[in-house]
Amino acid sequence: MSVYLLKRVALLVPLLLGITLITFTVIHLAPGEPVEMQMAMNPKVGKDARDRLTKFYGLDKPLHEQYFNWVTNLAQLNLGRSFSSDNRPVLDKIKERLPVTISLNIIALLLEFGLAIPIGVLAATRRDTLFDKGITVFVFIGFAVPTFWLALLLMYFFGVRLGWLPISGLHTLGSDSWGTVRYLADMAKHLIMPVMVASFGSLAGLSRYMRSAMLNVIGQDYIVTARAKGLSERVVIWKHGLRNALLPLITLLGFSIPGLIGGSVIFETIYAIPGMGQLFYQGVMSRDYPVVMGILVIGAFLTLTGNLIADVCYGFADPRIRHGEG
Amino acid sequence: MARFSQSYTISVFWPRLKRNQLAIAGGTVVLILFIVSLCAPLLSPYSPSEINAYSVLSPPTWHHWFGTDELGRDVLTRLLYGSRVSLKVGFVAVGIAVSIGTVVGLVSGYYGGVVDSILMRLVDIMLCFPAFFLILAIITFLEPSIWYIMMVIGLTGWMGVARLVRAETLSIREMDYVLAARCIGCSNHRIIFRHIFPNAVSPVLVSATLGVAGAILTESALSFLGIGVQPPTPSWGNILASGKDYIEFAWWLSLFPGLAILVTVLSYNLLGEGIRDALDPRIKR
């Protein structure tokens, strides 16, 4: 196991280098220099100031040197400073946003798995019944609904029409002075719609996946054995069956990370949630190079870590898999 | 080869697809959408860009079935014209993604070795990026135009196809007819494109159909965020974006474009799944 882990971590190095190379290329191949982008807003800036800024950002150096400097800084966790007026270090900006996005996604993931597992199992055990067909319809619609549209509809119904839920932000203004319980309840209320939107799309896919995994397991010999020795159907399905059907979900969890992070742009923008997705959108709109590059690299890095963790967990969960031997 | 696949299409694939009612329904909607987007000017008496100050934000009426927007333009007409953008983006983006993915997969699977490792690591790296982040980042630094959107969606979406084609190529490479082709002195180029490609292409059909749906969704999300197709050109996404601003008093501006996206994406997905089932010899009905 430890040998396998070492190998996997060693393999991360070229992948990480590749990620930085692609990020750098993407940003620098695009027409227009970052300085131009800043200057374009302000016609009064003379050539002098332009040159000074170019020098300040190191943009007068050859590309490979720029890349080398950027990666060296990156290795020291220095992502540079934001181009926006506050000029703060990008890392600080990301640090205060990341927990919001991650906790929101974890809540959404828990909700997804909590719903998708029973839905998938029930659909598999009641194959071809009305329930199963209903789930199939739901799954196809879930795949096709644009999340931003769903967000708008929820906003209209629960926020505007019924007035039950707040439509933006994480807190009500002035909630800082409330007691802990009321403060948390207020936050929970703000989170209901974003979490629903974040989990809806993947819920469909996950239920479908769970259904086919369970169908696959039900056909196995050990299920026949479990039934033959007189175990109740409940134990057969929920204990013997479910445990085996859950295994592939671990890998799926790893794969779903980029989608979750990417999707955060949409609902964080719509619901005005101060997370990484919103920061990225703002960075993109104001052409804030360091912020965009920083988030791209960190997003890719999170995905990489997620996949690694999922693979390792899979090894722990399934004793049939022996990493690093043979 | 061509004769074989033709008879296969007629005798196996088509009857199997035809039995799948959902896939046929999806295919029909896809076909109708094509006709609608081609005939948009014939179907509506209104222009998609003509501003009418007398009927601003009118709810659905007999004259304006889906209501009008903040500039008095007919929403249904704008949706009809918007379908052109969606279809164009869907097909061109997927065309780019499938072409790149197929070539990478074929080369990677056929040559193996170092070429294979390098290309597959590239795929791994590309898959690490949250796709929507990558697309947003690239598009921002370009002029907003429909062509760039298609290119960027295509350039960030070829990895799945590459893996699929590589896997197919790996098994086809060992077939006797490939050996035979090599024996009679065919060039690598000819073996790849004349012998392996036609046999590896059918699974690509499925991911291409599903890919069109994905590209349409991505384009509408980009236009919704204001980075995609720019007004006054109507696109389902940017109609929804203005719907967002008027959501408190004009629900029709948000409801109908979303439904259009939903139905279109749903149809492509149903068709794609149907093709997959029809191609899969393990599924017997």
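Guide: Of the 326 residues of chain A, 33% count as buried. A residue is buried if 20 or more other C-beta atoms, placed from the backbone, lie within 10 Å of its own, exposed if 12 or fewer do, and partly exposed in between. This is a predicted model, in which local features need pLDDT of at least 70 and side-chain atom pairs count only at pLDDT 80 or more, while totals for chains, interfaces and linings use all residues. Residues are numbered from 1 along each chain as its sequence is written, and chains are lettered from A and ligands numbered from 1 in the order in which they are written.

Chain A has 12 helices and 0 strands. Here helices (H or I, at least four residues) and strands (E, at least two) are DSSP runs, numbered from the N terminus. The C-alpha atoms of chain A occupy a box of roughly 85 × 60 × 40 Å along the principal axes. Among its contacts between residues at least 6 apart in sequence, 70% join residues at least 24 apart. Two residues are in contact if their C-beta atoms, placed from the backbone, lie within 7 Å.

Helix α5 (residues 90-125) and helix α6 (residues 130-144) of chain A have axes that come within 8 Å and cross at roughly 130°. Such axes are lines fitted to C-alpha atoms, for helices over the stretch in contact, and the angles run from 0 to 180 degrees between N-to-C directions. α5(A) and α6(A) are therefore oblique to each other; angles under 35 degrees count as roughly parallel, over 145 as roughly antiparallel, 65 to 115 as roughly perpendicular and the rest as oblique. The crossing of α5(A) over α6(A) is left-handed, a term used if the near helix is turned anticlockwise from the far one by less than a right angle, with right-handed used if clockwise.

Where these helices meet, Ile119(A), Leu122(A) and Ala123(A) of α5(A) face Phe131(A), Asp132(A) and Ile135(A) of α6(A) in contact. By class, this contact has 5 nonpolar, no polar and 1 charged residues. Ala, Val, Leu, Ile, Met, Phe, Trp, Tyr, Cys and Pro count as nonpolar, Asp, Glu, Lys and Arg as charged, and the others, Gly among them, as polar. The loop between α5 and α6 of chain A holds Asp128(A), a residue other than glycine whose phi is positive, near 70°. Because Asp128(A) has 9 C-beta neighbours inside 10 Å, this residue counts as exposed.

Two further loop residues concern phi. Most residues other than glycine have a negative phi, and most peptide bonds are trans. Ala272(A) has a positive phi near 50° and lies in the loop between α10 (233-270) and α11 (276-285) of chain A. With 13 C-beta neighbours inside 10 Å, Ala272(A) counts as partly exposed. Gly230(A), which follows α9(A), also has a positive phi, near 90°. Helix α9 (residues 221-228) of chain A has 8 residues, of which 0 are buried, so this helix lies largely in the open.

Chain A also touches chain B. The contact takes 39 residues from chain A and 35 residues from chain B. On the side of chain B, the elements that give two or more residues are α5 (113-128), α6 (131-140), α11 (202-224), α12 (236-245) and α13 (252-279) of chain B. That side comprises 25 nonpolar, 6 polar and 4 charged residues.

The largest nonpolar core has 146 residues, and the members that touch the most others are Ala151(A), Phe280(A), Ile295(A), Leu296(A) and Leu136(B). A nonpolar core is a set of buried Ala, Val, Leu, Ile, Met, Phe, Trp, Tyr and Cys residues joined through C-beta atoms within 7 Å. Helix α4 (residues 75-111) of chain B gives this core its largest share, 15 residues. Leaving aside neighbours within four places in sequence, Leu136(B) is in contact with Val265(A), Phe280(A) and Val284(A), and also with Ile227(B).

Chain B itself has 13 helices and 0 strands, and 47% of its 285 residues are buried. Its C-alpha atoms fill a box of roughly 75 × 45 × 30 Å along the principal axes.
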